[in-house]
Amino acid sequence: MAGRAKPDQLTKPVGTITRGTTGVNRLRRSDRWLINNELVRARLQDAPDPLVVDLGYGASPWTTLELATRVRTVRADVRVIGLEIDPDRVVPGRDGVGFARGGFELAGLRPVLVRAFNVLRQYPESAVPDAWATILSGLAPDGLLVDGTCDELGRRCAWVLLDRSGPLSLTLAWDPFTVERPSDIAERLPKALIHRNVPGEPIHALLTAADRAWARAAPHAPFGPRVRWRATAESLRQEGFPVRTYRRRMRDCVLSVPWSAVAPNNGRT
C-alpha cells in the first residue's frame, strides 16, 4: 500500500544524516545488474514476503521509485520501501512505494533485499564492519545487501553484494563511452575498498592488471569499447583472475569478481 510505511516505532534509527545527493536515473547501472543477476532474481522470486528496502535514498526519492519499477519486472508483487534517517526527507508514498524514517537497523523491517548506495561512502572505513553487521542482522533469512557507490551522473559505479555470511562479490560497472580505462573506477570503490587501492592489496592488483589488459586490447578499439572490454575481460581470465563471464550482451562495461579475489589483506572487512 502506498503511503508512509509504519515500521516498529520503538526502533531508533542507527546512523548519521548524509549529504543526500541524488538524481534521476543515477543508479540505472546497478539496477540493470540487480534485475539480471541470477542470485538476486532467485531470492526475490522465492521470498514469502518480497520486501525491498532502499536505504538512504537522499534528498529526493527518484531512485527509489525507479528501483521499484525495475524490480517489479522480476516479480510484480514486490513491495518497496525507502528509508531515510533524516525525517525531513521522508515523503508521502506514491506509485505503490512507501517511505519511512530508518537507518542501518532497517526500521524493524525484514527485507529480502536492501540497496544502500552512496551511504557508507560518507562514513570512515572503520565503521563499515559494524554497519554491514547491523544491516545483515535485519535481513530476511535469505536476504541480500547491495552496498555501492557511484558518481553524480551514475557513469561510474561499484558495489559489494552480501548475504548474512558476509561479502559475496564485487562488481564494477561503467559507461563504455566516458571512461578511458578500468582503473578510473577506483575513485568510486565502496568504502570497504577505496583506501585499499595501493600496492600489495588485491584490489590494486586487479585494477592494475585490468589496465594492462585494456591496453593490450587496443586493436579492438575500432569495433567499440564494449568489444574491447570483452577482449580485456577474457585476457584477465587467462591470467587467472576469476572475472565472471556474462552470457548476455551487456550495455555497460561490467567487471565482477568473487569477494575473495579482492578482500583486504588484513581481513578487517
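**Note on a helix pair and the salt bridges**

1. In this predicted model, Arg-28, Asp-31, Leu-34 and Ile-35 of helix H1 are in contact (heavy atoms within 4.5 Å) with Glu-66, Leu-67, Arg-70 and Val-71 of helix H3. The residues of this contact divide into four nonpolar, no polar and four charged, where Ala, Val, Leu, Ile, Met, Phe, Trp, Tyr, Cys and Pro count as nonpolar, Asp, Glu, Lys and Arg as charged, and the others, Gly among them, as polar.

2. The axes of H1 (residues 28–36) and H3 (residues 62–71) come within 10 Å and cross at roughly 25°, which makes H1 roughly parallel to H3; angles under 35 degrees count as roughly parallel, over 145 as roughly antiparallel, 65 to 115 as roughly perpendicular and the rest as oblique. The axes are lines fitted to C-alpha atoms, for helices over the stretch in contact, with angles running from 0 to 180 degrees between N-to-C directions. The crossing of H1 and H3 is right-handed, a term used if the near helix is turned clockwise from the far one by less than a right angle. Helices (H or I, at least four residues) and strands (E, at least two) are DSSP runs, numbered from the N terminus.

3. With a salt bridge taken as a side-chain nitrogen of Lys or Arg within 4 Å of a carboxyl oxygen of Asp or Glu, the count comes to 20 salt bridges.

4. Arg-79 forms a salt bridge with Asp-49, the closest N and O atoms being 2.8 Å apart. The pair links distant parts of the chain, 30 residues apart, with Arg-79 in strand S3 (residues 79–84) and Asp-49 in the loop between helix H2 (38–46) and strand S2 (51–55). Arg-79 is partly exposed at 36% relative accessibility, as is Asp-49 at 35%; buried means under 20% relative accessible area, exposed over 50%, and partly exposed in between (1.4 Å probe, protein chains only).

5. Asp-184 and Arg-181 meet through their side chains in a salt bridge (3.4 Å, N to O); Asp-184 is buried, with a relative accessible area of 19%, whereas Arg-181 is partly exposed at 46%.

6. On method, residues are numbered from 1 along each chain as its sequence is written, and side-chain values use heavy atoms, leaving out hydrogens and water. Local features need pLDDT of at least 70 and side-chain atom pairs count only at pLDDT 80 or more, while totals for chains, interfaces and linings use all residues.
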